[in-house]
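This briefing concerns selected salt bridges, strand pairings and helix packing in the structure shown below. It is arranged by topic for use alongside the coordinates.

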Amino acid sequence: MKLVFVGADHEVTGSCHYLEVAGKHILVDYGMEQGINVFENVPLPVAESMIDYVFLTHAHVDHSGLLPLLYARGFRGQIYATDATADLCSIMLRDCAHIQSAEAEWKNRKAKRSANNAVVEPLYTMEDADGVIRRLVPCHYNTIVEVCEGVKIRFTDIGHLLGSASIEVWLTEDGNTKKIVFSGDIGNKHQPLLKDPTPTKEADYVVMECTYGDRTHDRTHEHIEELAQILQETLDRGGNLVIPAFAVGRTQEILYFMRKIKEEKLIKGHDDFEVYVDSPLAVEATQVFTKNIMECYDEEAMDLVNRGINPIGFPGLKLSITSEDSKNINFDMTPKVIISAAGMCDAGRIRHHLKHNLWRPECTILFAGYQAVGTLGRSLLEGAQVVKLFGETIDVEAHIEKLDGISGHADMNGLITWVSAFKEKPSQVFLVHGDDDVCTSFAGLLHTDYGFETAAPFSGSVYDLAAGAWLKQTVGVPLRRETERQKENRTIFELLVAAGERLMRVIRKNRECANKDIKKFTADVNALCDKWDL
């Protein structure tokens, strides 16, 4: 009965943990690393085709983004997630695959122009995304699910994103049962639309995120009032308010704010201002939000629904789907609100809107989310005077603003409230999904001030859940320093090796087949070898 720490250990992205119990191999999340600092995390303890189950906390790509790669390398198990998470993954993983393919195509065009013959392959394809989406098993909140002999789970609403959950996992082996709780990303309280995090009362072990374990979300004013003031000033100047926003979660929050601004008539002189959502993914995600209102919305949002009011719909809302729709937004000079992805301005249609609006002093670019180091959004917030978009140099003349205090993550006080809700202190609380110093400092805070047994493990650490003891503790994780070309070669060859390993497992499974079928299989394998044994 082992727990292996794979990803998001002393870092905030790439969440992944591995469980081994009763002969089953299980992942909790399999997320993509994001940002410019990519760590050399340990590989999965077993081949991808040996993974039996994945338990998914929520749909954000730093928790789900490598699931299509898992499928590409032979995974054919089941992925358990909440109903809303399954709905969101069905659109988000396809979007990820589209981005992978588009980036590979762009790099290959660039290579041709520079007479470089290297061909870049996407990390995974749309077929891989479609394949892994078919492995999703939707589950209701608060329902115990018997996964297999020795493993059962329950999803609890954690209030971070539509469908997000903490996962209670009961593991039984040799008559010994242990319960481990994976917090997922713990939500911030009093968010629009979503319920506050629901605490869990019992656990032997807890794997807990600590993204904001060293700070609080200071709010000295209401976001709606601040947003209304920025919007009023921008429209009065005759400019556009451009909001880079993550397509899933943040876009829907902004729509909620806009509906209230219109309903309460907080904007004077521009009663009919229009709001454009220019992101096909955001439009689809908004439809998923509408579909899952009964299970996920908080009391305030449900009160609106019961009165026949769509919490994220209002007069003047325009949904832009096609690229032609997107282009036409900036041809119309009427002052408006433009909400577009990606939230950090590192890809997507938002870059086109920045190109058309950054140079206009009457316009405002409003950031409503975290901007990672090295992104265009971070550069603009830090006062960049000139930026480059699509090969053009653009002077930054627009007003650059930020809505402070908006976060889908609990702050330090929220984290302490969640972990303190356990009736009895767990045997061990493992702190993950936080920056290097934050994991260490928050583990120390929980131990010193609140009496928890804590650890902040690095990638590669292994814990024996039955014995309650470390089997291996690693110290530190190096940054990956390989070149893009080395990374591409490594990834492509790993796919081939994984396919070979899967073939051997399929061969062993066919031991009891009829002799005529084994002979045919043998001939197929030999033909394949003859073709490639150059």
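Arg259 is buried, its relative accessible area being 5%. The model is predicted, and the values that follow are computed from it. Arg259 has a salt-bridge partner in Glu263, with an N to O distance of 3.4 Å. Glu263, by contrast, is partly exposed, at a relative accessible area of 43%.

- Arg259 and Glu263 are both located in helix α6, where 4 residues, or about one turn of the helix, separate them.
- An α-helix has 3.6 residues a turn, so residues three or four places apart point the same way.
- A second pair joins the side chains of Glu253 and Arg250 in a salt bridge at 3.2 Å, N to O.
- Glu253 and Arg250 are 3 residues apart in helix α6 (residues 250-263), and therefore about one helical turn separates them.
- Glu253 is buried, with 8% relative accessible area, and Arg250 is buried as well, with 10%.

- Glu274 and Lys318 form a salt bridge in which the closest N and O atoms are 3.8 Å apart.
- Because Glu274 lies in the loop between α6 and β13 (275-278) and Lys318 in strand β14 (residues 317-320), this pair ties together parts that are 44 residues apart in sequence.
- Glu274 counts as partly exposed at 26% relative accessibility, and Lys318 also counts as partly exposed, at 35%.
- A network of salt bridges links Arg154, Glu168 and Lys179.
- The count of salt bridges comes to 18, taking a side-chain nitrogen of Lys or Arg within 4 Å of a carboxyl oxygen of Asp or Glu as the criterion.

- Strand β15 (residues 337-340) pairs with β12 in the parallel sense, over 4 bridges.
- Within that pairing, Ile339 of β15 is the bridge partner of Ile243.
- Strand β16 (residues 364-367) also runs parallel to β12, and 2 bridges join them.
- Here Val242 has Ile365 of β16 as its bridge partner.

- Helix α4 (residues 126-133) has as its buried residues Asp128, Ala129, Gly131, Val132 and Ile133.

Technical notes: Residues numbered from 1 in each chain as written. Predicted model: local features only at pLDDT ≥ 70, side-chain atom pairs only at ≥ 80, totals over all residues. Heavy atoms only, no water. Buried < 20%, exposed > 50% of the residue type's maximum accessible area, 1.4 Å probe, protein only. Pairing = 2+ DSSP bridges.
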